[in-house]
Amino acid sequence: MTLQCKPMLAAALAVALAAGTAAPQAHAAAVDARATLALAKASGCLACHAIDKPRVGPSYAAIARRFRGRADALQVLQRAILEGHSGTWGIVPMPAYGGSQDILSAAQARDLARWVLSLGG
Ligand code: HEC
């Protein structure tokens, strides 16, 4: 019995996981959501940010909602990622990833900004 159930459970889990990772992709026409999520993970972004709840920093969904409809949203968020930012969400600063830190390129920061903006739901 258990021997038969286990693979079924694994299959159900795989389907659920696939659905979970595919969902943000549907909103992210302009950016490869899977690759950008991997970049965010590798860059340590998710130590301070979650998609849908605040941690040290605001949730990415809240950022997307706040900047929705602003023509300069992509530029502002790209700059925040490259240069760091403080004061919009609280007193904790967002660290810089560009400039002398040289962790992310401008193009990577733009991809991340575009990805964040796609997560508003
Ligand atoms: C050490 C914790 C920390 C890490 C790591 C971090 N952030 Fe942040 N982030 C913050 C905080 C805190 C804020 C809010 C800053 C403010 O109030 O302006 C923020 C704000 C932001 C904003 C919104 C900026 C704005 O103008 O409102 C974006 C976009 C963002 N982070 C993306 C990223 C990305 C992408 C990464 C990884 C490359 C990252 N963050 C890594 C803490 C962090």
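Among contacts in the chain between residues at least 6 apart in sequence, 54% join residues at least 24 apart, where a contact means that two C-beta atoms, placed from the backbone, lie within 7 Å. Keep in mind that this is a predicted model: local features need pLDDT of at least 70, side-chain atom pairs count only at pLDDT 80 or more, and totals for chains, interfaces and linings use all residues. Residues are numbered from 1 along each chain as its sequence is written.

Now for the layout. The chain has five helices and zero strands, so named from DSSP runs (H or I of at least four residues for helices, E of at least two for strands), numbered from the N terminus. Along the sequence that reads α-α-α-α-α. Of the 121 residues, 22% count as buried; that label takes 20 or more other C-beta atoms within 10 Å of a residue's own, with 12 or fewer making it exposed and anything in between partly exposed, and with C-beta atoms placed from the backbone.

Let's take helix α4, residues 73–83. Its buried residues are Leu77, Gln78, Ile81 and Leu82. Looking down the α4 axis, they fall within an arc of 135°, so they line one face of the helix; the arc is taken over the directions from the helix axis to the C-beta atoms. Their cover includes α3 (60–67) and α5 (106–117). After α4 comes Gly84, with a positive phi near 85°.

Ile81 turns up again in the largest nonpolar core, which has 17 residues; Ala64, Ile81, Ala109, Leu112, Ala113 and Val116 touch the most other members. Such a core is a set of buried Ala, Val, Leu, Ile, Met, Phe, Trp, Tyr and Cys residues joined through C-beta atoms within 7 Å. At least two residues of this core come from each of α2 (33–42), α3, α4 and α5, and α5 gives the largest share, six residues. Leaving aside neighbours within four places in sequence, Ala109 contacts Gln78, Ile81, Leu82, Tyr97, Gly98 and Leu104.

What about the ligand? It is surrounded by 28 residues, the closest being Cys45, Cys48, Gly57, Trp89 and Met94; a residue is near a molecule or strand if its C-beta atom, placed from the backbone, lies within 6 Å of it. Helices α4 and α5 each supply at least two residues of this shell, and α4 gives the largest share, four residues. By class, the shell has 19 nonpolar, nine polar and no charged residues, counting Ala, Val, Leu, Ile, Met, Phe, Trp, Tyr, Cys and Pro as nonpolar, Asp, Glu, Lys and Arg as charged, and the others, Gly among them, as polar.
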